Amino acid sequence: MYNALFQPLRIGPKLLKNRLFAASHGVGFGYRDPDAMLAIRKMKAEGGWAAVATEQTEIHPTSDLSPYSGLRAWDADDLPVISAVSKAIQGGGAPSAIELCHSGLNVSNLGTREVPIGPTALPTQQYLPAIPEPFYAREMSLADIEAFRQWHIAATKLSIKAGYDIVLVFAMGTLSLLHQFLNPRLNRRRDKYGGSLENRARLLIEVLDDTRAVLGKSAALGVRLSVADLLGDPKGPPEALYQLLNGKADFWDLSFFRGGVLASGSGRSDFDGDAYLHSLEAAREVFETPLTTTRFFDTPDAMNAAVKSGLIDFVTVARQSISDPFFPQKLAAGELEAIRPCIKCNICVSGDLSYVPVSCTQNPAFGEEWRRGWHPEIPKISKRRKRVMVIGAGSAGLEASLRLSERGHKVTLLEQNKTVGGRVNFIAQLPGLDRWHQVVDYRLKRLLCQSEVALKTDQLVTLDWVINQAQGYDHIALATGAKWRLDVVDRTTTRPLATDGSLPIYPPTKAINLSSGKTLIFDLEHYQIASQLALLRQAAGDLVTLATPCAEIAPWTHKTMEQQSVQAKLLRAGIQIVPHVNLSRLTRGEAELRCVFTDRAKRASYDRVILVGLRQPSNMKYALEKTRSLNGQWTAIGEADVPGTVGQSVRSGFKFALEFEEAVATEVKRTRPLVGKTQRE
Ligand SMILES: Cc1cc2nc3c(=O)[nH]c(=O)nc-3n(C[C@H](O)[C@H](O)[C@H](O)COP(=O)(O)O)c2cc1C
Ligand code: SF4
């Protein structure tokens, strides 16, 4: 069915067994905690990907991405780690690819304290969310450029020594020095490396020639190149550049997103994948070696169609390889329902941008393969078969039930609503968030195949009912979720909201189907609910004011690379944004907003207030805590334990199921640092 994806392909001296290439992406462990990272890469190789790439690998101390922990190929000290990565990937059954990178004026080198370098003397801009920095990069002299070429050659030699099959040269967006030279906005030089396209492409071409000379036939040479920022037109065609580069690499991974792949390429659901693919037509005309791209391929059909169309030769995939490392294997076996679809939530990216191990909403085992011994596919069968009642079929309850049944336990899953899904049903109704429903759909489909799970919806569960039923079960997992608070109490505000009842207050879940009116939305969540509700209400005819104590709306979405597109959509929709205020009073049909700095108050009349406040566990948890007869027989999971993201609820359900009836909780292993020694000693 997906024949186009399962044909072998030659790239230079190497043969790919299929057309599914696991893209470079950071995992947050890097050189500081390599064992956990090795296990991730190895598992992908076992999952059937044609090749598996590392994350960005710094080639020199002048490209120090600290505090980010990726890979390093500075010198022979790094050989043990990068060799281990290559061996792990090959051990899993796939060719290994290393991505060599110098970040130029994108790094501030705060760890190594080396002077940043770039094509032009400009301020550095390392940290995302964008915090403007008072640091500069020095304009590279011709001697610096020559030194850079030598560092790249040395890192390529190291990669060959480490056994890599593929070397990827990184020229992706403003993150890469090579791209910065190509980019006329960042390269304002007047020498042979600046000005005309030929001059700006000179360094990339020299580096490709250098790399080719080192590699010979021992490894394939690929280039990750983004072209959107180069010529001012995101649709291209930058044919002149392609003509210059043709013949210089064994394959090309092209992207056309402005300002970095994820910022514009992975926003919410308004991305036109087909139009994007057509940007490749000009490249296809020119390049004689294989072409690929990363453009959120969200379904096997989209991947297969892209390869079949002939516009690309293989797909390069990052996030779907995180949410399901075994995607190729399942696809080849026709087990489509077993594939955990990536929901494009970018929680993985939030880990990368927080400089911590990356986690995944859909794949709770991601990053835990080595340090906790978790496997996303292979259940640890329980020695004793137990009867477990799971109350609540939201993300935690569904995940726990699925994993408990896979381990051999008998599960009764109860849901008080007519449909399963809990808060995900609400989230998925918000603009651009429909993919979130796949968290539920995937688990429900899998659960319905399990003979040992009895699912009962529309089941009223009261405390008395639980106490009566409890004797029929060995354990109860309480997954009743959380509810929205209707006050403005958070970490900074403990003052209760003064109200005379003249203005109705709605929690987000009750705000979807209201008739239209003048609406104030006040946000204490700082993630995605308030902004998406504002868009929904404005589209329903409301006049929306969106107020926040912060400087921007949805500040946490900087971590998911969505803040800019979210704020742009709000402004385009005509939503009034009021930053830096607290909601202090609702009286006489007016809301009072006070400046967080000066405490100055402003009042305005509204028809209602939608409060996106804090969340608190459902009442059932507190009732059970008071019930001595059930002591030790129940565990709260997901938001019934502690409110958080959907991914945290899934993880909580997974962890509960895995540790249920085990003597000890899974430990968290770390790679031991070498004290007083270098890697070489
Ligand atoms: C958590 C995360 C980290 C990433 N780190 C890198 C990286 O180190 N080097 C790189 O070239 N691309 C990196 N990317 C970008 C991906 O390779 C890919 O281009 C992008 O995610 C779009 O593809 P996708 O829709 O298949 O995820 C990263 C992506 C994610 C999600
Ligand atoms: S965290 Fe979200 S976007 Fe990232 S891989 Fe998982 S499901 Fe996909």
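My entries go from the whole chain to single residues.

**Ground rules.** I am working with a predicted model, where local features need pLDDT of at least 70, side-chain atom pairs count only at pLDDT 80 or more, and totals for chains, interfaces and linings use all residues. Residues are numbered from 1 along each chain as its sequence is written, chains are lettered from A and ligands numbered from 1 in written order, and side-chain values use heavy atoms, leaving out hydrogens and water.

**Whole chain.** I found 22 helices and 29 strands; these are DSSP runs numbered from the N terminus, helices being H or I of at least four residues and strands E of at least two. The radius of gyration is 27 Å, close to the 26 Å of the globule rule for 681 residues, so the chain is as compact as a globular protein of that length. (That radius is taken over C-alpha atoms, and the rule is 2.2 Å times the number of residues to the power 0.38.) The C-alpha trace spans about 75 × 65 × 55 Å along its principal axes.

**Cavities.** A cavity here is a set of points on a 1 Å grid over the protein atoms alone where a 1.4 Å probe fits but cannot get out, and lining residues have an atom within 4 Å of a point. Points are joined across faces, edges and corners, and the volume is the space filled by probe spheres set on them. The largest cavity holds about 80 Å³. Its lining has 13 residues, and Ser-323, Cys-342, Cys-345, Cys-348 and Cys-360 are the closest to its centre. Helices α12 (319-323) and α14 (347-352) each give two or more residues to that lining, with α12 giving the largest share, three.

**Helix pair.** Next I checked α3 (residues 142-161) against α5 (residues 197-215): their axes come within 9 Å and cross at roughly 35 degrees. (Axes are lines fitted to C-alpha atoms over the stretch in contact, with angles from 0 to 180 degrees between N-to-C directions.) Contact means heavy atoms within 4.5 Å, and the residues making it include Phe-148 and His-152 of α3 and Leu-203 and Asp-210 of α5.

The Ser-66 to Pro-67 peptide bond is cis, with omega near 5 degrees; Pro-67 sits in the loop between β4 (51-58) and β5 (71-72). Asn-109 is not a glycine, yet has a positive phi of about 55 degrees.

Note on methods. 1 Å grid on protein atoms, 1.4 Å probe; cavity = no way out; pocket = protein on both sides within 12 Å on 5 of 7 lines; lining within 4 Å.
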